[in-house]
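Please walk me through the local features of this model.

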Amino acid sequence: MNDSHFDLIVIGTGPSASTVAKKTRSEGKRVAILESREFGGTCALRGCNPKKVYANAADLYDRAWGAKGKLIEFDGVRIDWQKLHAFKREFTQPVIEKSEPSYAELGIATFHGHASFGDWNTVLVNGESLTAERIFIGVGAAPRPLDLPGETRAIRSDDFLELVEMPERVTFIGGGYVSMEFACVAARFGASVTVLQRGQQVLTPFDPDLVAQLVQYSAQHGIQTHTSSTVTAIEDASDGRSVIVQYEKSDQSRSVEADLVVHGAGRVPNLDGMNLELGGIDFGDKGIRVDDCMRSVSNPIVYAAGDCADTGKPRLTPTANEEARIVVKNLFAENPSAQPQYGVIPQVAFTVPSIAAIGMSQQDAEASYNVDVRHDNTSSWGSVRKTGQRCAGYKILVDKDTDKILGAHLLGPASEETINLFALAMKYGLTATDIKATLFAFPTFASDVRRMV
Ligand SMILES: Cc1cc2nc3c(=O)[nH]c(=O)nc-3n(C[C@H](O)[C@H](O)[C@H](O)COP(=O)(O)OP(=O)(O)OC[C@H]3O[C@@H](n4cnc5c(N)ncnc54)[C@H](O)[C@@H]3O)c2cc1C
Ligand SMILES: NC(=O)c1ccc[n+]([C@@H]2O[C@H](COP(=O)([O-])OP(=O)(O)OC[C@H]3O[C@@H](n4cnc5c(N)ncnc54)[C@H](O)[C@@H]3O)[C@@H](O)[C@H]2O)c1
């Protein structure tokens, strides 16, 4: 076997690719891994982990603000952006430094550069031509082209995480995860924030009533949210420093002036320039077309997972990890047949406070089941009030016929943790009565769950 032929070529170094490369190598296969940027992937370097450091700062600020005059005095509390930025690097820098050597230590060959296909089993990278028995594509997603005049004036989520200072007026294009999470951070840093969302609701994967509660609370912190508002252009303002964001709302042209515009208008599979056609790899707007076993529908030696694979599932790190686990099982199997076991997938937006969801929405549940909708604004519950916080609520959907949980929707302190109790309950088919009959430590947010169901 020569130096350019491998059992497996892995493209990307995010959660899906790193799992596939390391697990396959541990089975004794010859593996190469290719990365166009720093080794480490989106989640560790430009997504979940650095984002959570910023979200923690915003949450801490909010908790201190809520507790002022009750649990603590608030004088002089502020987020020091530069220190926060430096602290974030404590989490990203070690990944940048250690990720590539960790592959080399395992005997995985590493290559830098943008990978593209030469033919069905050949990958080109940085002037080299590599071949393999199997190829795994885990190239993730990137901000989608905005296709509007002045779009280069908008920074992307990667740039937001590298800002060295926070301007006074920040406008976000789109009202999804990226915009709403970063809007909460910018506002707690003192910025005046505008979110322009095309759809009728921001944070569409979440319960509309809880989202409305969050939007109302966010408004008190300087976040103005405009729904049914489509951004159409970004222009320079006459002062030469700020910009004017043009948008359409109710067939009227409107505008807002900003010092910074952030693209939070969605991400698309990162397939540009990969020459997938030369690899005989079928793909569309939603990514590489794969079968139930994560194998390309058109090139049987190619597998894909994570944000670049067209699975119809939420594009999150846990789903990427589950798909990668299955790819490892199938790659060299005689009859690849393993399929991802997603179960019910919890989703959390790390806004302030966080909002979480699992299972069905109220609308979907009511369309097919006899549903008991148990809901409340819990801002006045003791557990919440004791923290000084004042924005919390829940909606639990219980099937009246079976007593099983169909969906759970949470807003407020620790909802990003509490939702995992529902993940467990729903995966193992526990009933509302089972949950009520379980003792939880008190006083904890988890103990509120018995009261919710
Ligand atoms: C700001 C932000 C916050 C997020 N927060 C969360 C969160 O809190 N929780 C959560 O579950 N998910 C979150 N996500 C989503 C999560 O990061 C992704 O779902 C996850 O990283 C997908 O993993 P992946 O393996 O598909 O690819 P990625 O992690 O995207 O890695 C793909 C890698 O491939 C490389 N690459 C791309 N093209 C090529 C090429 N042609 N050649 C070589 N290399 C290439 C890229 O440089 C990248 O390093 C967030 C995303 C963003 C942007
Ligand atoms: N906490 C998390 O798990 C987390 C955090 C960040 C990102 N992510 C992942 O990254 C993905 C991308 O996040 P995102 O927030 O960029 O996208 P998103 O798809 O969640 O939201 C983008 C929103 O922008 C709107 N939009 C598009 N064009 C517009 C325009 N011209 N004007 C106004 N609004 C417009 C869309 O209607 C959409 O609602 C998520 O779907 C998720 O998979 C997850």
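Predicted model: local features only at pLDDT ≥ 70, side-chain atom pairs only at ≥ 80, totals over all residues.

## Aromatic pairs

F91 is partly exposed, at 40% relative accessibility. F87 is partly exposed too, at 39%. Here buried means under 20% relative accessible area, exposed over 50%, and partly exposed in between, with a 1.4 Å probe and protein chains only. Both residues lie in helix 4 (residues 81–105), four residues apart, about one turn of the helix.

Residues are numbered from 1 along each chain as its sequence is written, chains are lettered from A and ligands numbered from 1 in the order in which they are written, and side-chain values use heavy atoms, with hydrogens and water left out.

The count of aromatic pairs is 11. Rings of Phe, Tyr and Trp (its six-membered ring) pair if their centres lie within 6.5 Å; planes under 30 degrees apart are stacked, over 60 edge-to-face, and the rest tilted. Y54, W81, F160, F172, F182 and F189 are linked into a cluster by ring pairs.

## Charges over rings

K29 places its charged end over the ring of F332, 4.4 Å from the centre. The rule asks for NZ of Lys or CZ of Arg within 6 Å of the ring centre and within 35 degrees of the ring normal.

## Cysteines

The model has one disulfide, a pair of cysteine sulfur atoms within 2.5 Å. C43 and C48 form the disulfide, with their sulfurs 2.5 Å apart. The torsion about their S-S bond is about -130°, so the disulfide is left-handed. C43 is buried at 13%; C48 is partly exposed at 30%.

C184 is buried, at 1% relative accessibility. For C308, the closest cysteine sulfur is in C43, 15 Å away, again too far. C308 is buried at 0%.

Four strands form an open sheet in the order 10-9-8-14, with parallel pairing. Strand 10 (223–226) and strand 14 (260–263) are the edges, each pairing on one side only. Neighbouring strands are turned by 20° against each other on average, direction ignored. Strands pair if DSSP finds at least two bridges between them. Helices (H or I, at least four residues) and strands (E, at least two) are DSSP runs, numbered from the N terminus.

Strand 8 (residues 169–173) and strand 14 run parallel and are joined by four bridges. I173 stands opposite H263 in strand 14. Helix 6 (residues 177–188) packs on the sheet and touches strands 8, 9 (192–196), 10 and 14; its direction makes about 165° with that of strand 9. Contact means heavy atoms within 4.5 Å. Axes are lines fitted to C-alpha atoms, for helices over the stretch in contact, and angles run from 0 to 180 degrees between N-to-C directions.

## Backbone details

The peptide bond from V352 to P353 is cis, with omega near -5°. P353 is in the loop between strand 20 (347–349) and strand 21 (355–359). F442 and P443 are also joined by a cis bond, omega about -5°.

D147 has a positive phi, near 55°, and is not a glycine. D147 is exposed, at 67%. D403, also not a glycine, has a positive phi of about 70°.
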